[in-house]
Amino acid sequence: MNKLLSGRRFLVVEDEILVLMMIEDMLGDLGCQSVISAATIEKAIALIEAQAFDAAMLDMNLDGDDSNAVADALAERGVPFIYSTGNSGRDMREGFSNRAVLRKPFSFDELSSKLERLLSP
Amino acid sequence: MKNTLATVQSIVWQASRANSDPKVIREAVESRLFALSRSHNLLTRENWHSAGLLDVLHDALEPFGVSDGRAQRLAISGENIRLSTKAALALGIAFNELATNAMKYGAFSNDKGSIRIDWTIKPTPDGRLLVLSWREKDGPPVAPPLRQGFGSRVIERGLTHELGGAVQLDYRPDGLICTMNIPVPGARDE
């Protein structure tokens, strides 16, 4: 059976392990067998430089720092991504306001519909 | 706050995926919520700045009878070093999972087993490393779990992913040994 994320390599940039474990389970339910994760900006950028990803999900805030540098690295390589955030009403960064944002906590259905839109040709 | 809500969502999600009995699900969710709540209480007392390792350990083990019968079967030794809030939260969860496992299958599941927890700080080229060991003995014979459950997953991955540490769970027949190597801030942060 072909699911949304079958055969895709997915990068999750999220610093909280419990939230990450749930996201991994959700992505697994969408058919993704290859979820790579990073908790820090440095590790995320190193991964993006070294490997090819089909899509990514990026927490706007990593341990107090914004993750703009990671967003730039993904955008440069044309990796489609969505943001996640634990903030309620943060303004989007200029030039990135067309990116989809998942506000935590989010449901499986919200995640899957945002990813479906992200990956639809 | 919203991140905390997502953490709670994850706790419910994991518990309900791993079990079908509503009572088991409720107990698993409550145990982790209470652990999270104790960590939050401790960090609130410390103004969300940092927390002492001994305090994190005492608060995490308090519901497992450390203040009554099992106190004599628990030996803790180490300096009350300061941990970041992030490390305090991650270790609070890890100790809760280790203690839950000890009550169900390990050294606290019979009447003579004991647990020894000790740690040292080692200087490294990049800073300092907390080397902590949790050793159980005289419990029932130990066998490695058949599948990786929430507890071992969160202990091994949590400390690695969130803190850049390394964790080893060694299911020795005569008692579980968990060894943690966690980078901690240097003296300037104390």
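**Exercise 1. Determine which residues of H2(B) are buried and what covers them.**

Solution. In H2(B), the buried residues are Ala28(B), Arg32(B), Ala35(B), Ser39(B), Leu42(B) and Leu43(B). A residue is called buried if 20 or more other C-beta atoms, placed from the backbone, lie within 10 Å of its own. The model is predicted: local features need pLDDT of at least 70, side-chain atom pairs count only at pLDDT 80 or more, and totals for chains, interfaces and linings use all residues. Residues are numbered from 1 along each chain as its sequence is written, while chains are lettered from A and ligands numbered from 1 in the order in which they are written.

Next, consider the cover. The buried residues of H2(B) are covered by elements of chain B that include H1, strand E1 (50-52), helix H3 (53-61) and H4. Helices (H or I, at least four residues) and strands (E, at least two) are DSSP runs, numbered from the N terminus.

**Exercise 2. Compare the span of H2(B) with its expected span.**

Solution. Helix H2 of chain B comprises residues 22-45, 24 residues in total. The expected span is 1.5 Å times one less than the number of residues. From first C-alpha to last, H2(B) reaches 34 Å, close to the 34 Å expected. After H2(B) comes Asn47(B), with a positive phi near 55°.

**Exercise 3. Describe the largest nonpolar core and the surroundings of Ala88(B).**

Solution. A nonpolar core is a set of buried Ala, Val, Leu, Ile, Met, Phe, Trp, Tyr and Cys residues joined through C-beta atoms within 7 Å. The largest one has 70 residues, and Val56(B) and Ala88(B) have the most contacts inside it. Helix H4 (residues 85-104) of chain B provides the largest share of this core, eleven residues.

Two residues are in contact if their C-beta atoms, placed from the backbone, lie within 7 Å. Leaving aside neighbours within four places in sequence, Ala88(B) touches Ser39(B), Leu42(B), Leu43(B), Ala51(B), Val56(B) and Leu83(B).

**Exercise 4. State the strand order of the open sheet in chain A and identify its edge strands.**

Solution. The five strands follow the order E2-E1-E3-E6-E7 (chain A), with parallel pairing. Strands pair if DSSP finds at least two bridges between them. The edge strands, each pairing on one side only, are E2 (34-38) and E7 (101-103) of chain A.

Inside the sheet, E3 (residues 55-59) and E6 (residues 81-85) of chain A pair in the parallel sense over four bridges. Leu58(A) stands opposite Tyr83(A) in E6(A).

Methods: A residue is buried if 20 or more other C-beta atoms lie within 10 Å of its own, exposed if 12 or fewer, and partly exposed in between; C-beta atoms are placed from the backbone.
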